[in-house]
Structures are given as C-alpha cells and as structure tokens.
Amino acid sequence: MAGVVGLGAVGCAPEAEEREVSVRVATSLPPHGWLIECVGGDRVGVVVTLPGAASHATYTPTDRQVSGVLRCGVYFRAGVPFERGGWFSAIEGSGSVAVVDLREGIALRRMEAHRHHDEEGHDHAHDHGHGHGHGHGDGAEGYEDPHTWLSPANLIAQAGVVRKVLTRVDPAGAEVYAANHGALVTALGALDRELMLTLTPVRGRAFFVFHPSWGYFAERYGLRQVAIETEGKDPTDRELTALQNRARAEGIGVVFVQPQIAGRGAAAVAGAIGARVAVIDPMRADVVANLREVAAALLSSGQQE
C-alpha cells in the first residue's frame with residue numbers, strides 16, 4: 001500500500017524517457033502520470049507533457065516534449081483544453097501513438113453556468129471557460145468538465161482503463177498490472193470512504209474557488225462549489241459585489257485559489273469579507289495525499305460566525 005500512496009511527482013525528464021522499460025506511454029497531467037505509474041510499476045515509463053505549475057488551458061509543449069511523446073506507444077489523454085493544439089493533432093496523426101481517452105466510462109458533469117445576482121435582483125448567467133481556452137460552451141448548460149481526476153471514484157474507473165490498455169500492449173506484464181491495479185483500487189476505495197467520513201460535518205456547505213476545478217469532488221462529497229471567475233475572466237465590479245454579498249450570506253471564511261491560475265477577483269472577495277486566501281492544487285501528482293489535504297483544508301476553513 002505504501003508504494004501506491006507514496007509515489008511522488010512524475011514528469012518528462014530525459015532520464016525518465018530513456019529508462020529501460022517494457023512499455024513507454026505519455027499522458028497530459030501529473031495526476032494521471034501518478035495513476036499510470038501506480039498500475040504500471042517498473043515496467044512502464046511515463047512521460048507527462050504538462051508541468052504541474054502550468055495551466056492545462058494555455059500550455060504548449062516544447063518540440064522536445066513532443067519528440068518524447070512520439071517515442072511512446074500510447075497517449076492517455078484527459079480531455080483538457082491544451083490537447084486541442086496542433087501538437088496533439090500531430091500525435092494523433094502520427095500513426096505510431098495510440099490515443100486512449102481516460103474519460104471512457106465516466107459520467108461527465110457539465111460546468112455550471114453560475115449566476116450572480118446584482119443588488120437590483122437582475123440575473124447574470126455565465127458559462128465558464130472561453131477566456132482560458134476551454135473550448136466551446138453550450139449556453140446556460142456549460143460544457144463538459146475535464147477535471148475528472150479529482151474524484152477517487154473516477155480514478156478507479158480510469159485505473160481500469162490503464163490496466164486494460166497496458167495489458168493489451170504488454171501481455172507479459174499482465175500479472176504485474178493486475179496486482180498493482182488491485183492495490184490501487186483498494187487504496188482509492190479506502191480514500192473515498194475516508195473523505196466521505198471526513199467531510200460529513202460540512203456536507204451542504206459552499207466553498208469559494210477562483211477557477212471551478214472541483215466540481216466532481218464537490219458532487220461526490222455533498223459540497224457546493226462557487227466559482228469567482230466568469231467565462232475565464234475576473235468578475236466585473238457588479239459581479240464582485242454580488243459575490244461578496246453571497247460570501248457574507250454563506251459565512252465564507254476562506255477563498256481557494258490554485259497555483260496555475262491567478263486572479264485578482266479571489267483576493268478582492270476575500271479582502272472584502274475578511275476571509276483569507278488559501279491554495280489547493282488540482283494538478284499535484286500525489287493524488288491520495290493531495291485529496292486528503294484538500295479535505296482537511298475544507299474542513300478547517302470554517303464559516304464566519
């Protein structure tokens with residue numbers, strides 16, 4: 001179990017690309033790199049294209065990274081916006097890299113078109129995403145939320161996809177992949193039950209985030225995510241006032257931001273209501289430790305008296 005929960009960051013360093021392995025694969029995000037390493041163990045070399053500090057909406061891999069991906073047999077995609085770039089089209093058209101979608105079998109949620117109310121009672125509906133390059137919205141219903149890896153239940157489904165693909169391309173490692181997959185599913189199931197218990201005291205509570213990355217997590221554990229940005233942009237003055245009023249009404253004590261996306265709106269809301277700003281990182285590679293820490297942050301964030 002320690003080997004599953006204790007894996008550190010994975011990346012695209014040349015030594016990782018050149019290590020002797022049975023299978024070489026690539027993926028977009030550090031959390032999925034972690035997942036693949038958990039299942040693949042020493043038989044699999046993993047190249048992660050997105051640095052943890054970069055935005056999955058705007059990043060463009062270097063030519064060196066793309067060359068490394070082209071030396072892989074499989075690319076596990078996440079459905080994040082930067083995969084829509086020309087570099088990814090080149091990967092798909094290479095004929096040498098099989099592209100596997102890690103959203104397979106997952107019920108995708110829609111990014112909520114959140115609504116701010118101004119002091120005169122008028123509604124302003126917004127679909128998140130255009131300003132960060134998230135692709136095409138779908139009016140008031142939003143678009144598919146790509147942040148699937150932030151729910152242990154989704155990660156269990158994704159681990160099954162990884163095991164199936166690795167077994168297909170490397171049948172000699174089937175027993176290893178089966179054993180590692182079993183240990184990972186056990187660990188993620190235990191984490192899910194732990195988080196359910198940990199977050200029981202705050203079920204139904206709203207939490208304020210700058211960017212709406214935590215929808216799957218919130219839905220799984222009965223929380224309400226309130227995003228500050230609208231259409232990938234900081235709120236207008238009117239929207240900021242509405243958010244401040246809502247934050248006071250909800251008794252919000254903390255406004256959460258993520259390191260990959262900065263915004264003055266989060267600090268403005270926090271300052272106006274006397275709350276603090278805290279960082280929670282959706283891209284951290286050690287998923288088990290990260291989700292535990294996020295749950296602890298939500299639990300201790302409290303609400304203003």
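**P259.** I looked up what P259 touches: V279, I280 and D281, leaving aside neighbours within four places in sequence. Contact here means heavy atoms within 4.5 Å. The model is predicted, so local features need pLDDT of at least 70 and side-chain atom pairs count only at pLDDT 80 or more, while totals for chains, interfaces and linings use all residues. Residues are numbered from 1 along each chain as its sequence is written, and side-chain values use heavy atoms, with hydrogens and water left out.

I placed P259 in the loop between β9 (254-257) and α10 (264-273). Helices (H or I, at least four residues) and strands (E, at least two) are DSSP runs, numbered from the N terminus. P259 has a relative accessible area of 46%, so I logged it as partly exposed. The cut-offs are under 20% for buried, over 50% for exposed, and partly exposed in between (1.4 Å probe, protein chains only). From P259 to I280 I noted 7.7 Å, C-alpha to C-alpha, across 21 residues of sequence.

**Whole protein.** I noted 11 helices and 10 strands. Of the 305 residues, 53% are buried. Among contacts with a separation of 6 or more, 67% join residues 24 or more positions apart.

**Cores.** Which residues have the most contacts inside the largest nonpolar core? I found V25, F76, W214 and F217, in a core of 65 residues. Such a core is a set of buried Ala, Val, Leu, Ile, Met, Phe, Trp, Tyr and Cys residues joined through side-chain atoms within 4.5 Å. A second, separate core has 17 residues, including F208, L243, I261 and I273. In soluble globular proteins, nonpolar side chains tend to be buried together. I then listed partners of F76, not counting residues up to four places away; among them are V25, S28, I36, L102 and V165.

**S28.** I followed S28 next. It sits in the loop between β1 (23-27) and α3. S28 is buried, at 0% relative accessible area. Beyond four places in sequence, its contacts include V48, L50, F76, R77 and E83. P61 is 33 residues from S28 in sequence, and their C-alpha atoms are 9.9 Å apart.

**T148.** Buried or exposed? T148 is buried, with a relative accessible area of 0%. I found T148 in the loop between β6 (123-125) and α6 (152-169). Not counting residues up to four places away, T148 touches H32, R103, I106, L108, N154, Q158 and Y216. T148 and F217 lie 69 residues apart in sequence, with 8.7 Å between C-alpha atoms.

**α3 against α7.** Helix α3 (residues 30-40) packs on helix α7 (residues 174-198) at about 130°, axes 7 Å apart. That makes α3 oblique to α7. Axes are lines fitted to C-alpha atoms, for helices over the stretch in contact, and angles run from 0 to 180 degrees between N-to-C directions. Under 35 degrees is roughly parallel, over 145 roughly antiparallel, 65 to 115 roughly perpendicular, and the rest oblique. W34, L35, C38, V39 and G40 in α3 meet V176, Y177, N180, L184 and L188 in α7.

**N180.** I finished on N180, in helix α7. N180 is partly exposed, at 22% relative accessibility. Beyond four places in sequence, N180 contacts C38, V39, G40 and G41. The C-alpha atoms of N180 and R163 are 8.9 Å apart, 17 residues along the chain.
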